[in-house]
Amino acid sequence: MSKIQHVPLEDYLIHGDSTEAFMRYCCTDTFLWKLYFKHFADFLKYKLHVLRSNSFYQILLKDLLEGMPQTKFESMATEFAYTRLDNFLMIPHLNHVLALKSKGVNVQIESTGLMAWIRPWCEKYNITNIIAPIAEVDKGKHLTGRIVKR
């Protein structure tokens, strides 16, 4: 059995947080500031480093995603993965991960971002072992706004 190398996406393979980047991709700055204002107490906790970034972004994602058709979300997430996520890439770290893969190491990408944009991005680099939360979908194929850990 091959060794598993756990690799964090955020702050190792990419600069910053993929969820924040996704939200900036699909929302106007005005809409994001409205979300920040709506959740002002959480925004302050986040800025004071009392609330972790992934917890804060999950609060905002609930408002952003709730009721959105699954197909629309998946389309936006895939487009983001293919067109924008590489803009945050740390090339030397990616090269290191790809070198590990070429030596037969089983690389596992771990992300606080959602599987909907992490999986297509990883597939570009032939990485299939991924741990990331998913957006919950109701029976009517709409997002509930809940984020499910995996």
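The entries below cover a helix, some aromatic rings and a cavity.

**Ground rules.** I am working from a predicted model, where local features need pLDDT of at least 70, side-chain atom pairs count only at pLDDT 80 or more, and totals for chains, interfaces and linings use all residues. Residues are numbered from 1 along each chain as its sequence is written, and side-chain values use heavy atoms, with hydrogens and water left out.

**Helix 6.** I began with helix 6, residues 91-102; helices (H or I, at least four residues) and strands (E, at least two) are DSSP runs numbered from the N terminus. I checked its length against the expected span, which is 1.5 Å times one less than the number of residues. For these 12 residues that gives 16 Å, and the end C-alpha atoms are 16 Å apart, so the two agree.

Which residues of helix 6 are buried? I found Leu94, Val97 and Leu100, where buried means under 20% relative accessible area, exposed over 50% and partly exposed in between (1.4 Å probe, protein chains only). They cover an arc of only 120 degrees around the axis, which puts them on the same side of helix 6; the arc is that of the directions from the helix axis to the C-beta atoms. The buried residues of helix 6 pack against strand 1 (4-8) and strand 2 (106-110), with contact meaning heavy atoms within 4.5 Å. On the face turned away from that buried side I noted the exposed residues Pro92 and Ser102.

I also looked at His96, which sits in helix 6 and is partly exposed at 43% relative accessible area. After the helix comes Gly104, with a positive phi near 90 degrees.

**Aromatic rings.** How many aromatic pairs does the structure hold? I have 16, counting rings of Phe, Tyr and Trp (its six-membered ring) with centres within 6.5 Å; planes under 30 degrees apart are stacked, over 60 edge-to-face and the rest tilted. Trp33 and Phe43 have ring centres 5.9 Å apart and planes at 70 degrees, so I logged the pair as edge-to-face. The pair links distant parts of the chain, 10 residues apart: Trp33 belongs to helix 2 (residues 29-38) and Phe43 to helix 3 (residues 40-47).

Is Trp33 buried or exposed? Trp33 counts as exposed at 52% relative accessibility, whereas Phe43 is buried at 11%. Phe43 also pairs with Tyr36, this time stacked, at 4.9 Å centre to centre and 20 degrees between the planes. Tyr36 is buried too. I then found one aromatic cluster made of Trp33, Tyr36, Phe37, Phe40, Phe43, Tyr46, Phe56 and Tyr57.

**The cavity.** I found 1 cavity of 30 Å³ or more. On a 1 Å grid over the protein atoms alone, a cavity is a set of points where a 1.4 Å probe fits but cannot get out, and lining residues have an atom within 4 Å of a point. About 40 Å³ of space lies in the largest cavity, a volume being the space filled by probe spheres set on points joined across faces, edges and corners.

What lines the largest cavity? I listed Asp17, Thr19, Asn54, Tyr57, Gln58, Leu61, Thr112 and Leu114. Helix 4 (residues 53-65) gives the most to this lining, with 4 residues.

My last stop was Thr19, in helix 1 (residues 18-26) and buried at 4% relative accessible area. Leaving aside neighbours within four places in sequence, Thr19 is in contact with Tyr57, Leu61, Thr112, Gly113 and Trp117.

Note on methods
1 Å grid on protein atoms, 1.4 Å probe; cavity = no way out; pocket = protein on both sides within 12 Å on 5 of 7 lines; lining within 4 Å.
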